Amino acid sequence: MSTKAGKIGAASRAAAAAAVDAVIHNGRSLEQVIPECLTEALSPRDVTLVKALVYGALRGHCLHQYLISKLLSKPLKKKDIVLESLLSVSLFQLLESDQPDFAVVSASVDATAVLGRPHARGLVNAVLRNFLRQREVLLKEAMQEPVARYRLPVWLLDRLRSSWPDTWEAIAAASNLQAPMWIRVNQQRTSVSDYQQQLKTDINLSAESSAVCPGSLKLESAVRVDVLPGFESGHSSVQDIAAQLAATILAPKPGEKILDACAAPGGKTGHLAELSAYGANITALDHSAERMQRVTENLERISANATLVVGDAAAPESWWDGELFDRVLLDAPCSATGVIRRHPDIPLLRRDSDISALTDLQERMLAALWAVLKPGGQLLYTTCSVLPVENQSVVAAFLQGHPEARVLPIDRLEHVAAKHIGPGHQLLPGNPLDSDGFYYALIEKAAE
């Protein structure tokens, strides 16, 4: 390895370690830390490497933590705790990348200086070399520990076991896989088949369509959005098929008055606009003015219009003008346990104690937004959770208190959703669509 290459490799690993440390020890999200760790000194290739290291280290954190505890003779001092994240980044590469072991160890040792911990060169070198000597034994021991084996924290494993006793292991395994890249073709601008051909012609990329969700394409490999044909002019958007299904199920029509609650970052708002041929009267609601800026940007890119409102979905009296909506989409705040494969920081940032507060908020939002829906109208309640307490239980409790409400079947999900007692439809990660985990309940209000 050349001196220049070695310095770049050390800088990449140090940047990744700093990002992982910010998530693990400072409770910050990947969305916040990734932009901060990508300095101008890093080339596009190094940026790709840093992202891969961060995501890989976080996906494997529970396993890596177990291994590190066995390899360290004593815990790290608080001032050196970032070294735990550097070791996690290194273990990810040693376990799952095609980089030569010696190159990983060398770059990781050099990264201690970049992190301001040059005194730890010997420690990092010894720990990683010790791992290489004991790899098989350590991994065999780790597989006996559920947290290390399934790479998920105890609280979440317990929830999955109790919620899905027959499939929890498959859910855990799917949550640790890298998610595919799905895009949504704007069928107001081009057809799905034409866009497939354009992908092949322009960037030699194949894509698979889905009959369950017309307009969706799964790319054979992930690419930067700036290379997608017509992306800047709104011909396509990046959105998992599970999220695309929300607007598809709600089926907006031109002239209807539609509310997209909890709208940021605006993917579903834009999809509602596209499906209604830009003819629906859409209100996009979110509690965060900062996040609403993302809605604005996404709508501008696809040339769609919506009324943007910053407000609390659980308190319509603070923003609603009194005119009832034909359709309401409530993508409720949740544990996000269905999208861990895209956001591996979720199980590390969430706590079991968060769930009760979330279900309380979900119940309040559902009840509040029911009041703004017309008789004969439809409300789609969705979450990106796989926990029934946030899904079937919330909807079942709502139905008990609202005799004028009934849950409608969603035919397109009958053959892909998990079978579970309770109203609505649950997609689990690793389902036949290869989508994220998502829950849907389409609720109709009786006509007066």
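Q: What makes a group of residues a nonpolar core?
A: A nonpolar core is a set of buried Ala, Val, Leu, Ile, Met, Phe, Trp, Tyr and Cys residues joined through side-chain atoms within 4.5 Å. With that in hand, we can look at the structure above, which is a predicted model.

Q: How many residues does the largest nonpolar core have, and which have the most contacts inside it?
A: The largest nonpolar core has 56 residues. Those with the most contacts inside it are Leu160, Leu245, Ile249, Leu380, Leu413, Leu427 and Tyr440. Several elements supply at least two residues each: helices H9 (154-163), H10 (168-175), H12 (241-250), H13 (267-275) and H14 (289-301), together with strands E6 (281-286) and E12 (438-445). Helix H12 gives the largest share, 8 residues. As a general background, nonpolar side chains tend to be buried together in soluble globular proteins.

Q: Which residues is Leu160 in contact with, leaving aside its neighbours within four places in sequence?
A: Contact here requires heavy atoms within 4.5 Å. By that test, Leu160 is in contact with Leu152, Pro165, Trp168, Ile171, Val386 and Leu387.

Q: Why is Ala242 called buried?
A: The cut-off for buried is under 20% relative accessible area. Ala242 has a value of 0%, so it counts as buried. Ala242 is found in helix H12. Beyond its neighbours within four places in sequence, Ala242 is in contact with Leu427, Ser435, Asp436, Phe438 and Tyr440. Gln93, in contrast, is 31 Å from Ala242 in space, C-alpha to C-alpha, and 149 residues away in sequence.

Q: How do you know whether Lys268 is buried or exposed?
A: Set its value against the cut-off: Lys268 has a relative accessible area of 13%, and under 20% means buried. Lys268 is therefore buried. This lysine is found in helix H13. Not counting residues up to four places away in sequence, Lys268 touches Gln239, Ala243, Ala246, Ala247, Asp260, Leu329, Asp331 and Phe438.

Q: Why is Ala211 called exposed?
A: Exposed means over 50% relative accessible area. Ala211 reaches 77%, so it counts as exposed. Look for Ala211 in the loop between strand E2 (207-209) and strand E3 (216-219). Ala211 and Arg412 are 201 residues apart along the chain, and their C-alpha atoms are separated by 8.9 Å.

Q: What makes strand E5 largely enclosed by the rest of the structure?
A: Strand E5 (residues 257-261) is largely enclosed because 5 of its 5 residues are buried. Both faces of E5 are covered, with Lys257, Leu259 and Ala261 buried on one side and Ile258 and Asp260 buried on the other.

Q: How do you know that E5 and E6 pair, and in which sense do they run?
A: Pairing needs at least two bridges. E5 and E6 are joined by 4 bridges and run parallel, so they pair. Ile258 stands opposite Ile282 in E6. The chain crosses from E5 through H13 to E6, and this β-α-β crossover is right-handed. E5 also pairs with strand E8 (residues 325-331), in the parallel sense and over 4 bridges. In that pairing, Leu259 stands opposite Val328 in E8.

Q: How many bridges join E6 to E7?
A: There are 4 bridges between E6 and strand E7 (residues 307-310), and the two run parallel. Against the requirement of at least two bridges, these strands therefore count as paired. Asp286 has Val310 in E7 as its bridge partner. E6, H14 and E7 make a right-handed β-α-β unit.

Q: Why is helix H4 described as largely enclosed by the rest of the structure?
A: In helix H4 (residues 61-71), 8 of the 11 residues are buried, so the helix is largely enclosed. The buried ones are His61, Cys62, Leu63, His64, Tyr66, Leu67, Ile68 and Leu71.

Terms used:
Residues numbered from 1 in each chain as written. Predicted model: local features only at pLDDT ≥ 70, side-chain atom pairs only at ≥ 80, totals over all residues. Heavy atoms only, no water. Buried < 20%, exposed > 50% of the residue type's maximum accessible area, 1.4 Å probe, protein only. Right-handed = clockwise from strand over helix to strand, strands pointing away.
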